[in-house]
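Me: I've just opened this one and would like to go through it. Start wherever you like.

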Amino acid sequence: ALIIDGRRISYGTLHDAVCRCAGGLAAAGVTPGDRVAVVDAASLLSIASLLGAARMGATPALMNPALTPAELRKVRDHEKRNANRKTVLNAIEAMLG
């Protein structure tokens, strides 16, 4: 299915990772229509997060991995101020601590 850093990822491995990510997002309270920030590092985790969000009806929002922590904080704070939409920023929160 994929080759990441010279490592072959089978469809089965990708499927399992997508299901785990979708389950983790659901456990975190993500529902269809929510936006999910995914820091796109071209890793299995970022690809599975993107596909897992889409699988459950959420909208993945790809974040540039070159953004600095200060820039990610601005994105997080902007989204928190916009109460008319729900964006799950777990990836950003995890990076910022």
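**Helix packing and the rest**

Me: At what angle do helix 1 and helix 2 pack, and how far apart are their axes?

Reply: The angle between helix 1 and helix 2 is about 60°, and their axes are 7 Å apart. Axes here are lines fitted to C-alpha atoms, for helices over the stretch in contact, and angles run from 0 to 180 degrees between N-to-C directions. Helices (H or I, at least four residues) and strands (E, at least two) are DSSP runs, numbered from the N terminus.

Me: What should I know about the model itself?

Reply: It is a predicted model, in which local features need pLDDT of at least 70 and side-chain atom pairs count only at pLDDT 80 or more, while totals for chains, interfaces and linings use all residues. Residues are numbered from 1 along each chain as its sequence is written, and side-chain values use heavy atoms, with hydrogens and water left out.

Me: Back to the helix pair. Is the crossing left-handed or right-handed?

Reply: Helix 1 and helix 2 cross in the right-handed sense, meaning that the near helix is turned clockwise from the far one; left-handed would be anticlockwise by less than a right angle.

Me: What does Val 18 touch?

Reply: Not counting residues up to four places away in sequence, Val 18 touches Ala 48, Leu 51, Gly 52 and Arg 55.

Me: And which residues form the largest nonpolar core?

Reply: That core has eight residues: Ile 4, Ile 9, Leu 14, Ala 17, Val 18, Cys 21, Leu 44 and Ala 48. A nonpolar core is a set of buried Ala, Val, Leu, Ile, Met, Phe, Trp, Tyr and Cys residues joined through side-chain atoms within 4.5 Å. Buried means under 20% relative accessible area, exposed over 50%, and partly exposed in between (1.4 Å probe, protein chains only).

Me: What about a second core?

Reply: There is a separate one of seven residues, including Val 30, Val 38, Ala 53 and Ala 58.

Me: Zooming out, how many helices and strands are there?

Reply: The chain has four helices and five strands, running β-β-α-β-α-β-α-β-α from the N terminus on. It has 97 residues, and 32% of them are buried.

Me: How do strand 3 and strand 4 pair?

Reply: They are parallel, over five bridges; two strands pair if DSSP finds at least two bridges between them. Val 38 has Leu 62 in strand 4 as its bridge partner, and Val 36 stands opposite Pro 60. The chain gets from strand 3 to strand 4 through helix 2, in a right-handed β-α-β crossover. Right-handed here means that, with the strands pointing away from the viewer, the path from the first strand over the helix to the second runs clockwise.

Me: Is strand 3 mostly covered or open?

Reply: Mostly covered: four of the five residues in strand 3 (residues 35-39) are buried. Val 39 counts as buried because its relative accessible area is 15%. The C-alpha atoms of Val 39 and Asn 64, 25 residues apart in sequence, are 6.1 Å apart in space.

Me: Pro 60 next. Where is it found?

Reply: Pro 60 is in strand 4 (residues 59-63). With a relative accessible area of 25%, Pro 60 is partly exposed. Beyond its neighbours within four places in sequence, Pro 60 contacts Val 36, Val 38, Leu 50, Ala 53 and Ala 54.

Me: How far is Pro 60 from Ser 49, C-alpha to C-alpha?

Reply: The separation is 8.0 Å, for two residues eleven apart along the chain. Ser 49 sits in helix 2 and is buried at 16% relative accessible area. Leaving aside neighbours within four places, Ser 49 is in contact with Cys 21, Leu 25 and Val 38.

Me: Last one. What is the phi of Asp 5?

Reply: Positive, about 50°, although Asp 5 is not a glycine. Most residues other than glycine have a negative phi. Asp 5 lies in the loop between strand 1 (2-4) and strand 2 (7-9), and counts as exposed because its relative accessibility is 80%.

Key. Contact means heavy atoms within 4.5 Å.
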